[in-house]
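Good morning, and thank you for making the time. Please take a moment to look at the sequence and the structure before I go through them with you.

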Amino acid sequence: MRTILYLIRKEFLQIFRDKFISKAIIGVPIVQMLLLVPAITFEIKDIRLCVIDMDISADSRALINQLEGSTFFKIKYSTFSEEKANNLMHRNKCDVVLQIPSEFGKNVGTGNPGKVLATINAINATTAQLSWAYLNGVLRDYNKNILLENAGDMAVSSIPQIDITNRYWYNELLNYKYYMLPGILGILVTAIGFLLAGLNLVKEKEVGTIEQINVTPVRKYHFIIAKMVPFLIIGLVDLSLGLIIGKITFNIPFEGSLGLLFLASAIFLVAVLGLALFISTFSSTQQQYMFVAFFFMIIFILMSGIFTPLESMPMWAQRFDIVNPMAYLMRINRMVMLKGSTIHDISRDIYALVIIAVVFTFFAVSRYRKTA
Amino acid sequence: MMKNRVIIVRNLVKRFGKFIANDNLSFEVYEGEIFGFLGANGAGKTTALRILSGLSEPTSGEVIVAGFDAKKQPEQIKKNIGYMCQKFSLYEDLTAKENIMLYGGIYGMSKTLIKERTDELLDKLNFREYGDRLISDLPLGLKQKLALSVAVLHEPKIVFLDEPTGGVDPITRRQFWEMIYETAYRGITVFVTTHYMDEAEYCDRISIMSDGKIVALDTPAELKRQYNAKSVEEVFIKIARPKP
């Protein structure tokens, strides 16, 4: 036990003696939070619309006005040439081309269904679907208005319709910052644990100091634990820093227990540190380590559900996430922060993280060889 | 009189794939002696030394160091030895004192004992003003001397030195050898590899390696007599001349 303390002391001395690292430990979380949280959003405003109004009737004008009145659309171009519209789309000058055929007004007036054609740039499937959904919303309102006008006062009450009133729980205003921030906190903690600790061990290999350690009676798990503890502490300090910035700058709601969030992050850090040190036992240069670590980090982050909901991933990907510690942390962070979940609600995720942490740490200790 | 054997090596073989680094080595080292391991670069000295100190596993053969089997109990060996590598390996970004404290702690020395030894050691090396300097700021000679002091800080039975004087000026080398003598005088067996032939003269016994084999082993005086040579260097050139 005393040995571990001596080793931990040595690690801290080295970390804080490195002027760059000690500054980065403070700087990175600040920049990450201030930059990523407001930047990553799925909200779409000002969809650029190109309208081809072949009808030029009161009805088509009304539809266009309604689109213009919505906050989502901005009518950028108006033309009579389909070719010109397509060209605009091709040059990425507009996102949606709305074509109103010449019989539109006549059809609407005579009670026949009016038809319009919307062409949507679907390079980004998500924005395309959202644009379509917004467009649909506007058209629905428009339809309702036509019905009301044509049917007259008398009939209004007799048109059967279902009116939905919805409430968004846990994030009433659908504020994307609230959704992203708990995730960014996870990324922050990962970066510290994954990159710093692994590189630290590989550097000892490169410089040769690990040889001097290996020839002492230091126990393997002492050495590995001493490599973990400093970065575990630094990771949690960075988490606090991130939370403070979140509170001050974005006024992030915090419904759950702070202690629970830190507990989950601590277990998560052990898992990530275990994996990092495991990888570093295979690597003989920092370059090798970075390459492999980066590969893992990208996979873990992109498959964690931070950007895309886990439920919409294919089944095999969801199964993979059983071993992805980030997937658990993402869920825990969001549930605890936004929903106020208690330890009972997230106990399964916590157990899973504990198992991953134990397994990865075991791998790291057993793969680390003092005698080659 | 039967001398106490602290290292026993019998038929040690170490292979790296097809390459045989140590080809059937057999020798013994006695308690308290300075045992020199000579050979050209690539003769297999460092490989043998790494096996003796528990850093590398022998392919076959019997290796007993400080009473423990290198194959089965490398960690027991590590408790009883000190080690200093040709590539300087104290922590460059720690101060001299911090390095001493770290290794003292690793070997389970008490805080007061570490402090005592640190003072003693810094005094002895006239090192006082360097105690709080980073190792990276020290000249090579000082680093090497400090590394040796740290390697024997915990009073091991044997200390392994792998080309400890590489790249050091003659005066510092001299001082370094004085330290080695003093270490041996304290009862610590010194196992040292070198390719400086003048240093071989300082050893109690030397073994000369060539192409993974031990080709000669005796006291420097006896070897010189056998080969009718004036110096160990001459002996070395006579028997270990690399193949053209």
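Which residues in α3(A) are buried? This is a predicted model, in which local features need pLDDT of at least 70 and side-chain atom pairs count only at pLDDT 80 or more, while totals for chains, interfaces and linings use all residues. Residues are numbered from 1 along each chain as its sequence is written, and chains are lettered from A and ligands numbered from 1 in the order in which they are written.

To come back to the question, the buried residues in α3(A) are Ser60(A), Leu63(A) and Leu67(A), where buried means that 20 or more other C-beta atoms, placed from the backbone, lie within 10 Å of the residue's own, exposed means 12 or fewer, and partly exposed is in between. Seen down the helix axis, the buried residues of α3(A) fall within an arc of 60°, so they line one face; the arc is that of the directions from the axis to the C-beta atoms. On the face turned away from that buried side, α3(A) carries the exposed residues Ala58(A), Asn65(A) and Gly69(A). In general, an α-helix has 3.6 residues a turn, so residues three or four places apart point the same way. Helices here are DSSP runs of H or I with at least four residues, and strands are runs of E with at least two, numbered from the N terminus.

Let me turn to the nonpolar cores, each a set of buried Ala, Val, Leu, Ile, Met, Phe, Trp, Tyr and Cys residues joined through C-beta atoms within 7 Å. The largest has 133 residues, and Ala271(A), Leu273(A) and Leu52(B) have the most contacts inside it. Helix α10 (residues 258–282) of chain A gives the most to this core, with 14 residues. Apart from it lies another core, of 17 residues, and Leu67(A), from the buried side of α3(A), is among them.

What, then, of the contact between the chains, where two residues are in contact if their C-beta atoms, placed from the backbone, lie within 7 Å? It takes 18 residues from chain A and 21 residues from chain B. On the side of chain A that touches chain B, α1(A) gives the most, with seven residues.

Finally, in chain B, Ala216(B) is found in strand β10 (residues 213–218). Ala216(B) is partly exposed, with 19 other C-beta atoms within 10 Å. Leaving aside neighbours within four places in sequence, Ala216(B) is in contact with Ser207(B), Ile208(B), Leu223(B) and Ile239(B).
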